Amino acid sequence: MKKIYLGIGMLGLGLLVSCDDKELTTGLPENQLITAINLDVTSELPMLVGTDSTIVYSVTPEDADIRELKWKSSNELVATVSDDGTISANKVGDAVITVTPAVGFGRDETVKTIAVSVIEKIVGAEEIVFTNVTNEVYKTDQLQLTYNILPENHTYSYLTWSSSDESIATVDENGIVTGVKPGQVTITAYTHDKSGTTGSIVLTVKEMLPATDISVTKPEPLYWKQSLELDYTLTPKDASLASVEWESSDESVLTVNKGVVQAVSFGTATITATCKETGNSASVELTVPWGFYVWDATTDFEGWTINNNLGSIEREDGVLKATVSADKRIYLQRAYNTQSNVMDLNFKDYPVFAFRCDQLASGATYQINLANLGNSLNDSGGMTVAPQNDGTQIVYYDASKHGNLSDDGIVAVRAFMFKLTKIQETGFDIYWIRTFASVEEMNKFIATDNVNQ
């Protein structure tokens, strides 16, 4: 009896034939796919209506068997894109250009987007103002140049850079200066909007004084997403930080760069600083407690949105500016319904959820919505309002009764939302949203909290 098997592999067809129970295979190799797409363009691209722009790109690996890309516009009335990556600006508006391999799985590295804004008039740059607090950099150390391009409504922000003497300092495409040897150097930024505007800053490269010893003070526990500069002391005091190497024992929890740690997730990691000259080191163990969240200017109110178009929010001047809907409601959410938006709350260690906002007229109602994936948690409780003497109010809810939902109190929630209704004001400011271990801890924090009105 003869059996025929057809096997289809990635980009190859393998035919297996069995005669008298003997199986054969052609052994055709699979084609090498694109693993990354690299675009030589800013993520936001302003274009003058009626113009074209061809995107320069490369793919990885360079010897991919199939190098073709697939280009797509989210709004072809505004902008179209051809097979070679040429974008045509058709009418004023916004569109997103997406590029993926013509063949492949569309992994994150192989899906790139460009936000195209088609405009009627180009506003040229008039001035580049550098905002660095120091104009010194040590030999072998790096300095990120910071700047503002004026006027604020300028169209193109792309700059290129040059150094007046690369034997003293170099500068890369992102404005990062690296000291090479002691001396003075001028770094110049060039605009590319045909305005001819440039900006320059004079920097002094200093000889690096190596640290022979270092001590690091252990800070309080970090909250999720917090960035914190560690308190450290170098010996000698005027030694260069570039002479110290920093390392995290677990970069999935904490990363560190030049003494600044960034909380990536919950957990514990050890940060070690080592003097290159002597090998002397200091270590501190830092913890990001599970469920300790702070949303404010430091985290840019990460992840907070509004639900069902009930109101709107904008991040401005370090606060969350809330605009109330026509029917006097606003629903603020951090997690709602979708699996990708689920977040972990800790009902044992950090069960108090609170936010500080402007005082609202009496009659407004405040409700929290908490629900987990399995719906064993479905809480829509009223929140407590505590007016403050400075014209703000604290709105909070203690969810410690849900601590028994899991052994450690950690629950993946699909709904975490504040519902505000019957609001007389058209808008108000929210200064922070955060979790606390208890109402007592919250009150201690409030007593030392200074809100700039």
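Two strands are taken to pair if DSSP finds at least two bridges between them. Strands (E, at least two residues) and helices (H or I, at least four) are DSSP runs, numbered from the N terminus. The structure is a predicted model, in which local features need pLDDT of at least 70 and side-chain atom pairs count only at pLDDT 80 or more, while totals for chains, interfaces and linings use all residues. Residues are numbered from 1 along each chain as its sequence is written, and side-chain values use heavy atoms, with hydrogens and water left out.

Strand β36 was examined with its partners. β36 and strand β42 (residues 427-436) pair in the antiparallel sense, over 6 bridges. Strand β40 (residues 392-398) also runs antiparallel to β36, and 7 bridges join the two. Burial was judged by relative accessible area: buried is under 20%, exposed is over 50%, and partly exposed lies in between (1.4 Å probe, protein chains only). In β36 (residues 352-358), 7 of the 7 residues are buried, so the strand is largely enclosed by the rest of the structure.

Cysteines came next. A disulfide requires a pair of cysteine sulfur atoms within 2.5 Å. The count by this rule is 0. Cys 357 is buried, at 0% relative accessibility. Cys 275 is also buried, at 1%.

A pocket is an open set of points where a 1.4 Å probe fits, with protein on both sides within 12 Å along at least five of seven lines; lining residues have an atom within 4 Å of a point. Grid points are joined across faces, edges and corners, and a volume is the space filled by probe spheres set on the points. The largest pocket holds about 710 Å³. Its lining comprises 29 residues, and Val 41, Thr 42, Leu 45, Tyr 156 and Tyr 158 lie nearest the centre. At least two lining residues each come from β5 (44-48), β6 (52-54) and β17 (159-163). β5 supplies the largest share, 5 residues. For the classes, Ala, Val, Leu, Ile, Met, Phe, Trp, Tyr, Cys and Pro count as nonpolar, Asp, Glu, Lys and Arg as charged, and the others, Gly among them, as polar. The lining of the largest pocket has 13 nonpolar, 9 polar and 7 charged residues.

The second largest pocket holds about 220 Å³. It is lined by 14 residues, of which Glu 220, Pro 221, Tyr 223, Phe 292 and Arg 434 are closest to its centre. β42 and α1 (439-448) are the elements that give two or more residues to this lining. β42 gives the most, with 3. By class, the lining of the second largest pocket has 9 nonpolar, 2 polar and 3 charged residues.

Backbone geometry was also checked. Most residues other than glycine have a negative phi, and most peptide bonds are trans. A cis peptide bond joins Thr 60 and Pro 61, with omega about -5°. Pro 61 lies in the loop between β7 (57-60) and β8 (69-73). Another cis bond joins Thr 235 and Pro 236, with omega about -5°. Pro 236 sits in the loop between β24 (231-235) and β25 (244-248). Asp 300 has a positive phi, near 55°, and is partly exposed at 46% relative accessibility. Phi of Lys 422 is also positive, near 55°. Lys 422 lies in the loop between β41 (410-421) and β42 and is exposed, at 53%.

Charged pairs complete the picture. A salt bridge is a side-chain nitrogen of Lys or Arg within 4 Å of a carboxyl oxygen of Asp or Glu. The structure holds 8 salt bridges. In one of them, Lys 258 and Asp 141 have their closest N and O atoms 3.3 Å apart. Lys 258 lies in the loop between β26 (254-257) and β27 (260-263) and Asp 141 in the loop between β14 and β15, so the pair ties together parts 117 residues apart in sequence. Lys 258 is partly exposed, at 34%, whereas Asp 141 is buried, at 14%. Asp 429 and Lys 321 also meet in a salt bridge (3.2 Å, N to O). Asp 429 lies in β42 and Lys 321 in strand β33 (residues 319-323), so this pair ties together parts 108 residues apart in sequence. Asp 429 is buried, at 17%; Lys 321 is partly exposed, at 27%. Salt bridges that share partners join Arg 356, Asp 390 and Asp 449 into one network.

Note on methods. 1 Å grid on protein atoms, 1.4 Å probe; cavity = no way out; pocket = protein on both sides within 12 Å on 5 of 7 lines; lining within 4 Å.
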